[in-house]
Amino acid sequence: MGKIAFITGVTGQDGSYLAELLLEKGYDVHAIIRRASVFTTSRIEHILDHPNFHTYHGDLTDSSNLHRLISKISPDEVYNLGAQSHVAVSFEVPEYTAEVDAIGTVRLLDAIRDSGVKTKFYQASTSELFGGLPGTEPQSETTPFYPKSPYGVAKLYAYYITVNYRESFNMFACNGILFNHESPRRGETFVTRKITQAVAAISKGKQDILTLGNMDAKRDWGYAKEYVELMWLMLQHHEPLDLVAATGKTYTVRQFVEYAFDEIGVKINWQGKGVNEKGIDAATGKVRIEINSKYYRPAEVELLHGDPTKAKEILGWTAKTDLKSLVKIMVEHDLENT
């Protein structure tokens, strides 16, 4: 009989890829889905009828629900990917972000501890813990944390409560500190997907201008499908570890935009600075990118650049897809579906 896994956040980008991976490996996959008045299962629609995939209504804000499911399912592995994961939105709903991302994690850890189920626990941590302080790059497992958003602060609690339960109660509990990872399944409000969808729409004459915020922010972008493989590898290791997942390369939002427009044969020339900057189609002279200060964060994270050395040395994991290839995958998907 295959292993049993329990996933929170299965309807999201990472959760859907992880569910696919585990089903391919012969797992019995159990997952919670929040009740909503609209369908939220588009990313997992193709596996909903899989005989080894089981879903339940549940929520990280409901302790009784988590206790009941963990006791009933008795999973071998628990992957906590559920979160309010949008950094900018966390400034608008800081209390809710803390309730789900921080306290939700301890609820799940307590459900495991109280049930007595012997399981391995993976916590989805984030490069937002580092705060992107200049001079700290490349950021590794030993880089000091300095979160700059309610999301980052909530995830910091989740990180340390995972470490605390590991050390206090001898639980196999680990943190994957994942740097930015994208795919065609990325949420449409995240900047990378906003860019690739806009490029596809502009290519088809359905949109004229893409409006963005800080073009100088630097990120270490990888392919989400590869990053869930590291999640799985971490729970196969003989001891719990906290590991960084990253490509080790960093690019500006501006470069991402250029790569995306390259995919539709448009070269972008830049004029102006700051909120007055514009991206112009070199061939037609049309303005294609404008800046609006409303997309700036109250506290900017300027530079995220990860050091994945430890993950490679211990687990043999490396990010394989470079940014140009990743952008190509995303733009081609959006061209087909726009």
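The C-alpha centres of domain 1 and domain 2 lie 31 Å apart. The domain bounds come from an automatic or database domain assignment. Domain 1 comprises 4–183 + 221–250 + 302–320, and domain 2 comprises 191–216 + 252–300. Their contact (heavy atoms within 4.5 Å) takes 8 residues from domain 1 and 11 residues from domain 2. The model is predicted: local features need pLDDT of at least 70, side-chain atom pairs count only at pLDDT 80 or more, and totals for chains, interfaces and linings use all residues. Residues are numbered from 1 along each chain as its sequence is written, and side-chain values use heavy atoms, with hydrogens and water left out.

An open sheet of 7 strands has parallel pairing and the order E3-E2-E1-E4-E5-E6-E11. Helices (H or I, at least four residues) and strands (E, at least two) are DSSP runs, numbered from the N terminus; two strands pair if DSSP finds at least two bridges between them. Strand E3 (53–57) and strand E11 (243–245) each have a single partner strand, so one side of each lacks a neighbour in the sheet. Neighbouring strands are turned by 20 degrees against each other on average, direction ignored. Axes are lines fitted to C-alpha atoms, for helices over the stretch in contact, and angles run from 0 to 180 degrees between N-to-C directions. Strand E1 (residues 4–8) pairs with strand E4 (residues 77–80) in the parallel sense over 4 bridges. Ala-5 has Glu-77 of E4 as its bridge partner. Helix H1 (residues 13–24) packs on this sheet and touches E1, E2, E3, E4 and E6. The direction of H1 makes about 170 degrees with that of E1. Helix H4 (residues 94–115) also packs on the sheet, touching E1, E4 and E5.

A further open sheet has 4 strands in the order E8-E15-E14-E13, with mixed pairing. Its edge strands, E8 (210–212) and E13 (268–271), each pair on one side only. E8 and E15 (residues 287–291) pair in the parallel sense over 3 bridges. Within E15, Ile-289 is the bridge partner of Leu-210. Helix H6 (residues 191–203) lies across E8 and E15, at about 160 degrees to E8. Helix H8 (residues 253–262) packs on the sheet and touches E8, E13 and E15. Its direction makes about 150 degrees with that of E13.
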